[in-house]
Amino acid sequence: MSKKQIVIIEGPSGVGKDTIIAELISRYPDRFGKPINATTRPMRENESQNNPYLFLTEDEFLKKRASGEIFEHTMRHGTYRGMRKSSFDSVLNSGKIALRDCDVNGLNAIKKIYGDKVTSIFLTAPKEEIKKRFESRNEPKESMEARLKDYDSYIENAKFFEHVIENMDIDQTVEQILKILEEE
């Protein structure tokens, strides 16, 4: 069993971060869990409290941020999103490895709190492959172009992560992550 208790997965939009995290949790529900972030955006029709976020008012969010409960946050499209210490601790206290996607700033914030319990994995795929993935899920053209435009800057962030995996096959990527955890 790995000594690492938190695995951060990052990569460009469309590389499959959410798919890989969901696959690991689905295959190994007793081994992995996903901390739930907080947000101030309105809940959508297919969502509920703690699925996929803890939905808060802006005032509640800011109070949790001031107390340190929300230890990293960003504003996206006029709403806050942030990582909660209690959510990470809940996964860790259950004996599971916490899986979370986040950028370099989030990784650094997590490492400040959890130190050497954290391992980081950056997923890559060729830009053309990511474009095909967007097309297959009928991503709107404007959104696809904006996400592909960010591809190169995301790839540059790979140097901040301990491991880099090319995600061309879900099964192979899952196996590579499990191998990394066994070796650590």
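**The sheet and a helix**

An open sheet is formed by four strands in the order S4-S3-S6-S5, with mixed pairing. Strand S4 (54-55) and S5 stand at the edges with a single partner strand each, so one side of each has no neighbour in the sheet. Two strands count as paired if DSSP finds at least two bridges between them. Helices (H or I, at least four residues) and strands (E, at least two) are DSSP runs, numbered from the N terminus. The model is predicted: local features need pLDDT of at least 70, side-chain atom pairs count only at pLDDT 80 or more, and totals for chains, interfaces and linings use all residues. Residues are numbered from 1 along each chain as its sequence is written, and side-chain values use heavy atoms, leaving out hydrogens and water.

Within the sheet, strand S3 (residues 38-39) pairs with S6 in the antiparallel sense over two bridges. Thr 39 stands opposite Arg 81 in S6. Helix H2 (residues 58-67) packs on this sheet and touches S3, S5 and S6, where contact means heavy atoms within 4.5 Å. The direction of H2 makes about 40 degrees with that of S6; axes are lines fitted to C-alpha atoms, for helices over the stretch in contact, and angles run from 0 to 180 degrees between N-to-C directions.

Helix H4 (residues 104-114) has buried residues, among them Val 104, Leu 107 and Tyr 114. Buried means under 20% relative accessible area, with a 1.4 Å probe and protein chains only. The cover over the buried residues of H4 includes strand S1 (6-10) and helix H3 (85-93). After H4 comes Gly 115, with a positive phi near 55 degrees.

How values were computed. Buried means under 20% relative accessible area, exposed over 50%, partly exposed in between (1.4 Å probe, protein chains only).
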